[in-house]
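Please open the structure in your viewer and keep the selection tool at hand. The tour moves from one selection to the next and says what can be found at each.

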Amino acid sequence: MRHCAQLSPDHTHKQRAGCRGSPHHSCQGGPAGQGENRVVFRVDGKQMNLLAVLEVRAEGDESWGGLLRFRKGKRCSLVFGLVIMTLVMASYILSGAHQELLIASPFHYGAFPSSPSAVDGEHPGDTKEHPPQPSVNNISSVKDDPSVKLIIDSITARLEFTPRQLPDRDDLRRQEPHMFSVIPSKFLPDSRSPCWYEEFLGRNTTDPYLTNSYALYSKRFRATFDALRKAFWSRLSHAAGRHFRLRCLPRFYIVGQPKCGTTDLYDRLRLHPEVKFSAIKEPHWWTRKRFGIVRLRDGLRDRYPVEDYLDLFDLAAHQIHQGLQAGSAQEHSKTSRITIGEASASTMWDNNAWTFFYDNSSDGEPPFLTQDFIHAFQPDAKLIVMLRDPVERLYSDYLYFASSNKSADDFHGKVTEALQLFENCMRDYSLRACVYNNTLNNAMPVRLQVGLYAVYLLDWLTVFNKEQFLVLRLEDHASNVKDTMHRVFRFLDLGPLSGKQEALMTKSPASNARRPEDRNLGPMWPVTQRVLQDFYGPFNARLAQVLADAAFTWQKT
């Protein structure tokens, strides 16, 4: 709806601003009467709370003197309107924002600042040099805090960590028959990684990666496949006129979580000579690509077959194959110790695709999860999880993925909205149903659900043993990289490193650190931090109980 402001420049002469663009022309009281000093303006087809230019009309019969005065007033109004429009558009362009820009009205009828700097009396022009500081005096924070507490209390009262119903192998086979036809149930005994030979039916002129979806959809990976293509035929095994290629799956997975240091762990671990990762750091095949998902908001593409995923491990498979064919025991022993890894940080938590493919849901809960299929083929897989304080993880996630208008104020608003959405779901569905609810996850403006570590870990522990997990904290890794890496080496049964190799691995700077422009935004507000601590607290307590380690409550990090 458009608003109209009524102007009264003097007691005897009144002019009206007409409302256009709607079937009914109506006027509301002026700012003094309504407490509102903003009108709708459209930019790029979107409504924005900007000061509009008012068209002033004469009313009733006027004398020539009055007409001259009116024309002069109209010219002044026009000039004034152009000045305001110039200010509006300049603010719009400079800010880069395309929605809900608010320019304070020159009439000053109770204009309400929305940024923390404005509330604290800092001039808006100073925000570039003085990043917003956390403030408990922010009006929106104080206003929202009591209602947010009620929302969190409502969620906490409904928390129930219930066991899930496991599918049997036949159910899994019916869902993924092609995967079961490609991956065997037994692997080569002389390889640490799960490998097997399969017949290659092509000829020496055949391009084995011609239809690989990773190569087709991403230019970044084409150089990798060009290198694989050149040496492919020489690395086949030939017997009785038939050709065989070695296929491998990872022995271990770094399954999560995003913004918890998985990239840094990956970059250090791949320096170990016995570790070979997939050609792509994060294939996201188990959670996304096998369903045809690149970005969920872009819809579904053709599903990536399991062969495309196996191609990513061909570099490691070639080395293992050479060792298996080697005549010397030393060379055979060296290559047989190769341990293949994969580091998609979505593996632990992302099951958003299930609603598109699995229709036999029980009370909104997914009938199959990623770990069910991994366990079906690799019941002995090793799983590494890197976690951090979920409160800090969420803020880091927001800073990394938000595209514009990032601020502590914006983050607080998005957290509040996400909590409201999550609480609405919890009123009608189970905790598991809400955590894996694709519609809810896409609607929440921040990825609140990714920090519910206990829910995911408990679901993984329904199919894997606790001994198959190594759960690390980013806080410990950051304070003592050497100790973390030694724990990983022991867990994966890797050989020792030379002093030079270890120094290179442990003393290199952290990977994927926060960008300078994000650091300049400063921390989240203390009130936002307290809200998130209250929300994540029960989940952290359950996680600490499962792991028998109080450090995972993050009460002292």
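This is a predicted model: local features need pLDDT of at least 70, side-chain atom pairs count only at pLDDT 80 or more; totals for chains, interfaces and linings use all residues.

Residues are numbered from 1 along each chain as its sequence is written, and side-chain values use heavy atoms, with hydrogens and water left out.

Select residues 195-200, 237-239 and 242-248, which are strands S5, S6 and S7; strands (E, at least two residues) and helices (H or I, at least four) are DSSP runs, numbered from the N terminus. These 3 strands form an open antiparallel sheet in the order S5-S7-S6, where two strands pair if DSSP finds at least two bridges between them. S5 and S6 are the edge strands, each pairing on one side only. Neighbouring strands are turned by 35° against each other on average, direction ignored, and S5 and S7 pair over 6 bridges.

**A link within the sheet.** Which residue of S7 is the bridge partner of cysteine 195? The partner is cysteine 248, and a disulfide (a pair of cysteine sulfur atoms within 2.5 Å) also joins cysteine 195 to cysteine 248, with S to S at 2.0 Å. The pair links distant parts of the chain, 53 residues apart. With 110° about the S-S bond, this link is right-handed, and both cysteines are buried, meaning under 20% relative accessible area, whereas exposed is over 50% and partly exposed lies in between (1.4 Å probe, protein chains only).

**The core.** Select Leu269, Ile384, Leu419, Phe422, Leu448 and Phe535, the residues with the most contacts inside the largest nonpolar core, which has 124 residues. Such a core is a set of buried Ala, Val, Leu, Ile, Met, Phe, Trp, Tyr and Cys residues joined through side-chain atoms within 4.5 Å. Helix H24 (residues 526-547) gives the most to this core, with 9 residues. Leaving aside neighbours within four places in sequence, phenylalanine 422 is in contact with residues including Ile155, Cys434, Leu448 and Phe535.

From Cys434, go to cysteine 425, which a disulfide joins to cysteine 434 with S to S at 2.2 Å. The torsion about this S-S bond is about -100°, so the disulfide is left-handed, and both cysteines are buried.

**Loop residues.** Move to the loop between strand S8 (252-256) and helix H9 (262-269), where glutamine 257 is found. A cis peptide bond joins glycine 256 and glutamine 257, with omega about -10°. Lysine 259, in the loop between S8 and H9, has a positive phi near 60° although not a glycine, and counts as buried because its relative accessibility is 15%. Finish at aspartate 493, in the loop between helix H21 (481-492) and helix H22 (499-507): aspartate 493 has a positive phi of about 60° and, at 44% relative accessibility, counts as partly exposed.

Notes
Axes are lines fitted to C-alpha atoms, for helices over the stretch in contact, and angles run from 0 to 180 degrees between N-to-C directions. Contact means heavy atoms within 4.5 Å.
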